[in-house]
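User: I would like to learn how to read the features of a structure one at a time, with the general idea first and the particular case after it. Could we begin with the charges?

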Amino acid sequence: MIYLGADEQAYDWKGLLKDVLESRGLKVVDLGVFDIEEVADSPDIAREVSEKVLENPGSQGILLDTTGVGMMMAANKLSGIRAFVASDEQVVLKARGCADANIICIGSALTPTFDEMAKLVDKFLTTEFDGSDESCRLVAKIN
């Protein structure tokens, strides 16, 4: 299960991403915003997605806004959420593989194209947590 949320600044990319993920057979729940004219504060969207990820073990979240930073900061306020801002594929690999990140945050103004954003999401969704003793110890400390 993938929970998806964006503010109005990333509304267009959210719709495109949802279509791409669903075309791959993935179950995506859109938690807003639902209209480009709808003004939403990133902490509200981040909370909605984070709560759903926590309620459904094994699910993942995707948050989109202008920089990804506001979404990440708000999401990480909830115990058990490990959100990060994806700047490149190496960051995604480390966040998922070593820290078992469960929410990816992407800035629409900082990611040059939709295709590049989609690649980051794909890497996030296909990278498994390595489960090593060191990584498990790290995740336990984060939590």
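Analyst: In counting charges, Lys and Arg are taken as positive and Asp and Glu as negative, while His and the chain ends are not counted; each charge is placed at NZ of Lys, CZ of Arg, CG of Asp or CD of Glu. In this chain, the mean positions of the 14 positive and 25 negative charges lie 7 Å apart. This is a predicted model, in which local features need pLDDT of at least 70 and side-chain atom pairs count only at pLDDT 80 or more, whereas totals for chains, interfaces and linings use all residues. Residues are numbered from 1 along each chain as its sequence is written, and side-chain values use heavy atoms, with hydrogens and water left out.

User: In what order do the elements of the chain run from the N terminus on?

Analyst: Helices (H or I, at least four residues) and strands (E, at least two) are DSSP runs numbered from the N terminus. Here there are six helices and five strands, in the order β-α-β-α-β-α-β-α-β-α-α. The radius of gyration, taken over C-alpha atoms and compared with a globule rule of 2.2 Å times the number of residues to the power 0.38, is 14 Å, close to the 15 Å that the rule gives for 143 residues, so the chain is as compact as a globular protein of that length.

User: Which residues have the most contacts inside the largest nonpolar core?

Analyst: In soluble globular proteins, nonpolar side chains tend to be buried together. A nonpolar core is a set of buried Ala, Val, Leu, Ile, Met, Phe, Trp, Tyr and Cys residues joined through side-chain atoms within 4.5 Å, where buried means under 20% relative accessible area, exposed over 50% and partly exposed in between (1.4 Å probe, protein chains only). The largest such core has 24 residues, and those with the most contacts inside it are Leu17, Ile62, Leu64 and Ile104. Among the elements giving two or more residues to this core are strand E1 (2-6), helix H1 (11-23) and helix H5 (114-126), and H5 gives the most, with seven residues. Apart from this core lies another, of 16 residues, among them Ala40, Ile45, Ile81 and Cys105.

User: Where is the place of Asn56, and how far in space is Asn56 from Ala109?

Analyst: Asn56 sits in the loop between helix H2 (42-55) and E3, and because its relative accessibility is 29%, Asn56 counts as partly exposed. From C-alpha to C-alpha, Asn56 and Ala109 are 30 Å apart in space, and they are 53 residues apart in sequence.
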